[in-house]
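Subject: Structure handover

Hello,

Here is the structure you are taking over. Please open it first, then read my notes below.

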Amino acid sequence: CHLPATPAPFRFPTFGSQPFFPSSGYPMRFVSLVALLVTTACGGVSTADEPSAAVLLPPIPLKVTEQGEFGAYPPMTTRTSSGELFRIDYKAGIAQYAPNGSQRRLFGVAGEGPGEFRALASGAVLPGDSLVAVTDANRARLMIYGVSDGAFRREIAIPPMQMTGQQWRFDGSTALIPIALGVPVFLRWTMATDSVQLWGEPTAFRKNAMVASMSSGEPSTIRDGDGWLALIPGEATLVRYDSAGAIVGTVPLPRRARRGEPTDAKMLTQAMPRDGAFIPPASMAMGIHRLPDGRVLLMHLDVEGTRTGRKVELTSTKWWATIYAADLQTACVDQSVPFTTQEMSRLLFAGDTVMTLSRMADDAGSVRSELQRVRFDLTKCNWSPVAAGEK
């Protein structure tokens with residue numbers, strides 16, 4: 001792989017001047033999943049020459065006129081069904097791009113007033129494609145803007161100190177918004193009344209090893225009958241929730257090539273600084289998505305890196321996809337996904353396509369951005385029972 005001359009390292013644990021959890025010592029942007037906030041010196045490193053069902057599509061270059069800080073604070077993204085892309089940068093605001101990659105506008109103003117932000121976290125385009133919502137964890141607000149003009153519409157109070165993840169899910173007039181750090185799993189936004197509450201019973205892993213959970217991805221979910229099916233960081237199973245957010249069952253999560261889930265994540269997390277290595281204790285849970293034919297797609301990420309004092313640099317990244325049959329009885333396990341980036345970006349799902357905003361810096365420090373895309377050729381899959389194939 002090609003190494004940038006001086007990759008910008010993740011500096012652990014100071015992020016800006018505003019602490020995210022003033023009473024607990026967690027820095028402002030620390031909550032956005034430790035391993036996702038570092039810059040990797042070598043993106044998309046493959047560990048094996050193996051066939052895969054993942055097919056890389058031509059990327060869409062972004063003609064960027066405003067660029068957020070590279071490296072330490074990878075932006076979140078969301079898009080409309082027609083391909084309008086929004087890049088949500090924690091301090092630079094919201095940049096909107098046309099489907100061909102040209103930048104339309106930059107909106108959102110830093111400040112303390114209505115519609116202004118201190119630290120943007122994540123967001124989503126609302127059903128109907130006319131509004132985009134973003135969260136500001138430091139102001140405990142969910143803010144809504146127009147897609148057509150970027151104008152501020154309204155804001156809603158949310159439970160304080162919730163750093164949200166990228167994989168928002170909508171069901172009628174309800175949205176489930178993942179929480180990247182903390183014991184709660186989701187926020188439930190009832191859009192008809194603009195009320196937001198904590199939702200989702202935490203797993204034992206999340207309750208007992210919060211730092212390990214935080215460094216192992218973000219929760220995400222899809223509809224499953226009358227309830228929800230969730231991919232939760234650090235869990236060796238998928239988790240079934242009922243409509244009220246109680247855990248009612250699990251589904252086996254097989255693995256073949258990815259790192260998998262640990263037997264003692266808390267111990268491994270505590271050992272990381274002693275060993276001088278930065279290796280999240282599990283394959284990072286990056287998203288669950290239902291494909292148009294009813295099959296269920298999971299995305300995981302394995303990363304490795306080194307730690308020198310408080311400085312962390314990633315040295316390799318590896319993306320994996322697992323596809324379940326619609327009945328969850330068989331799966332195509334751990335397909336290598338050829339995404340390449342120098343920065344830990346999140347995923348977008350649209351129909352049968354998975355995308356990621358990749359930002360790469362050249363030797364002169366110029367940043368190039370593109371939307372990488374992949375589809376899956378399921379004829380190349382070896383389908384096996386979901387309880388089988390574990391290492």
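Alanine 140 sits in the loop between strand E10 (131-136) and strand E11 (141-146). Strands (E, at least two residues) and helices (H or I, at least four) are DSSP runs, numbered from the N terminus. Alanine 140 is not a glycine, yet its phi is positive, about 55°. Its relative accessible area is 11%, so alanine 140 is buried. Buried means under 20% relative accessible area, exposed means over 50%, and partly exposed lies in between (1.4 Å probe, protein chains only).

Before you go on, note that this is a predicted model: local features need pLDDT of at least 70, side-chain atom pairs count only at pLDDT 80 or more, and totals for chains, interfaces and linings use all residues. Residues are numbered from 1 along each chain as its sequence is written, and side-chain values use heavy atoms, with hydrogens and water left out.

Aspartate 194 also has a positive phi, near 55°, and is a residue other than glycine. Look for aspartate 194 in the loop between strand E15 (186-190) and strand E16 (195-199). Is aspartate 194 buried or partly exposed? It counts as partly exposed, at 24% relative accessibility.

Now the cores. A nonpolar core is a set of buried Ala, Val, Leu, Ile, Met, Phe, Trp, Tyr and Cys residues joined through side-chain atoms within 4.5 Å. The largest one has 23 residues. Leu297, Met299, Val337, Val354 and Phe376 touch the most other members. At least two residues each come from strand E22 (284-290), strand E23 (296-308), strand E24 (311-324), E25, strand E26 (347-350) and E28. E23 gives the most, with 4 residues. A second, separate core has 16 residues, among them Ala124, Leu126, Ala140 and Ile158.

Setting aside neighbours within four places in sequence, its contacts (heavy atoms within 4.5 Å) include Ile288, Phe349, Val354 and Phe376.

Last, the disulfide. How many disulfides does the structure hold? There is 1. A disulfide is a covalent bond between the sulfur atoms of two cysteines. Here the term covers a pair of cysteine sulfur atoms within 2.5 Å. Cysteine 332 is joined to cysteine 381, S to S 2.2 Å. The two are 49 residues apart and link distant parts of the chain. Cysteine 332 is in strand E25 (residues 330-337), and cysteine 381 is in the loop between strand E28 (367-376) and strand E29 (383-385). The torsion about their S-S bond is about -75°, so the disulfide is left-handed. Cysteine 332 is buried at 0% relative accessibility. Cysteine 381 is buried at 13%.

Best wishes
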